[in-house]
Amino acid sequence: MFQDHTPGPVNIPSTWKTEELEKEDAGTQTSVILTDNRAAQTGERQHISVQTEDVETQQLNVNDQEIEDEQKVVEFLHRVYPLMCAEMNDVTSTRAFSDYDVNWTEEYGDLVCMHTLEEPRLSCEVGVAGVSWNSRGSAVAVAYGRLDHQHLCSHKGGVCTWNIDRQSMDPRQADLILDCMSCVICVAFHPVLPSIICAGTFNGEVLVWDIARENTKQIHSSRAEDCHEDAVASVVWTPDAGSKGKKYQIQSVGSDGKVFTWVLPSPPSNLDQSAGLILRTDRVARSLRGGSTSPEAQYGASSVSFSSRDRRQFIVGCESGNIFKCGLGVMNQSSTQRGMRSPDSATGKAAKSGDQQLKSPIAFAFVPLKGPVYGVDCSPFHRNAFLACGTDGCVHFFSALQNRPLFSLDPSQGYLFSVRWSPSRPMVCAVGTAGGSVLLYDLQIDQTNPVLTLEADEKKKAVVSVEFSQKRSHYLACGGVGGQVKIFRLPSDLCHRQPSEEARLQDIVEA
């Protein structure tokens, strides 16, 4: 009924691809690579052995003479050892070299005038009013102004600077001229920053420059309403107590009898007047008040010097001849009310009502001199010693603890306008005279006559400013109303401290 069946193959043609693709055979090959076989090998080597020869140890033969010499040395050391130890112990307690100071500076034997500086554009109309050295001792600033005004100032003053270390320095042309609208009476370099200069003018302004700036040199100035009402007699840089000596502020003393403290703001702008004082004799004995006995009398300052040991204490010399010891401890915040004036019965001048709010810094009064006091200077080696000079023609040696001078020097040279202690010799001082000379006194040698006289002004006019360089104590700058500044190099014996010199100064002050 059923049986096996084997069917044949079945072909099913493609229905979606009827066209046949074109084909072509091709071959590719890279270019022939050139090859080259070379052989390399290091250079020849050679091994060499090196060895020292055997050296036999030799024994040093010591003869009997050498042994005997060694024994003598040992005996000598045992004999002198106690004496040497005793002498060395005495050296540790002796004071034989307590005043000895090694002189590391170059020795100079003769007096030499190093430079004669003058700026014709200013000296033809005004003279030198002040001189100051920078902290490096390489530059000197000169204030040009007149000190004999009879009325308002109509002169053009200024401050000139010379760098004496420059080989191309021209003594007849200042390196820099800072013009002012009135006479400049005083000038002071910053004690640390060598490019900062402060100056006071006859119109009562306080100005500050930075001579390192390329464009605008003036960076600070006092406001018109905060200025002194009269000429600024002196400007002094003092450490700011709040900054622990890192910053400095300016103290200005004027002929109006006021003492102002100025603070430099961070950006260049007007100076900030932080505090003020006024010289009144309300706490001074009547016998020491000078010409006026009124307790409300105001005294115009003509010179000032701050103590090197306590920068909050200072000595003021007045136009009336009075000399006062003052302190900044009583300084109050300056809140002077401008505008209102009330008559001052003591001076006959109109006084601002705000002046009554300012305190007096006077703590002690000395016997007045017979004429204006043009120069005072505190000793850098003793906190109580200071010098004063003026129109009475004498240099007075004072102790801050006694109201009368300990002794006086009378050089018979007329008026005396400036006095300065040497920064390196405790008993040496310089005095500027009305005849154009500068007198150098060595009080350890002679307390009567000067040891050296310098011709500081060729025109024989008054020398109103003498300044020692604090960095180079053998340099002395002298400026006079004739318009010239002479820089002298002093002999070494006037610059190098002598044995027991500081002790001698202490004996005079405390005698």
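Biologist: In which strand is the place of Lys258?

Modeller: The model is a predicted one. In it, Lys258 belongs to strand S12, which covers residues 258–263.

Biologist: Why is Lys258 called buried?

Modeller: Buried means under 20% relative accessible area. Lys258 has a relative accessibility of 2%, and therefore counts as buried.

Biologist: What makes a polar contact with the side chain of Lys258?

Modeller: The side chain of Glu229 does, at 3.0 Å. The cut-off for such a pair of N or O atoms is within 3.5 Å, so the value of 3.0 Å meets that distance.

Biologist: Why is the pair of Tyr374 and Phe417 called stacked?

Modeller: A search of the whole structure finds twelve aromatic pairs. For Tyr374 and Phe417, the ring centres are 5.2 Å apart and the planes stand at 25°. Centres must lie within 6.5 Å for a pair, and planes under 30 degrees apart count as stacked; the pair is therefore stacked. Tyr374 lies in strand S22 and Phe417 in strand S26, 43 residues apart, so that the pair links distant parts of the chain.

Biologist: How do you know whether Tyr374 and Phe417 are buried or partly exposed?

Modeller: The limits are under 20% for buried and over 50% for exposed, with partly exposed in between. Tyr374, at 33%, therefore counts as partly exposed, whereas Phe417, at 19%, counts as buried.

Biologist: Which residues do ring pairs link into a cluster?

Modeller: The cluster consists of Phe364, Phe366, Phe386 and Phe398.

Biologist: How do you know that the buried residues of helix H3 line one face?

Modeller: In H3, residues 501–509, the buried residues are Glu501, Leu505, Ile508 and Val509. Viewed down the helix axis, these buried residues fall within an arc of 95°, and so they line one face.

Biologist: What makes S6 and S13 edge strands of their sheet?

Modeller: The open sheet has five strands in the order S6-S7-S8-S9-S13, with mixed pairing. S6 and S13 each have a single partner strand, so one side of each is left without a neighbour in the sheet.

Conventions: Residues numbered from 1 in each chain as written. Predicted model: local features only at pLDDT ≥ 70, side-chain atom pairs only at ≥ 80, totals over all residues. Heavy atoms only, no water. Buried < 20%, exposed > 50% of the residue type's maximum accessible area, 1.4 Å probe, protein only. Helix = DSSP H or I, 4+ residues; strand = E, 2+ residues; numbered from the N terminus. Arc of directions from axis to C-beta. Pairing = 2+ DSSP bridges. Polar contact = N/O pair within 3.5 Å; in protein donor to acceptor, adjacent residues only side chain to side chain. Phe/Tyr/Trp six-rings, centres within 6.5 Å; stacked < 30°, edge-to-face > 60°.
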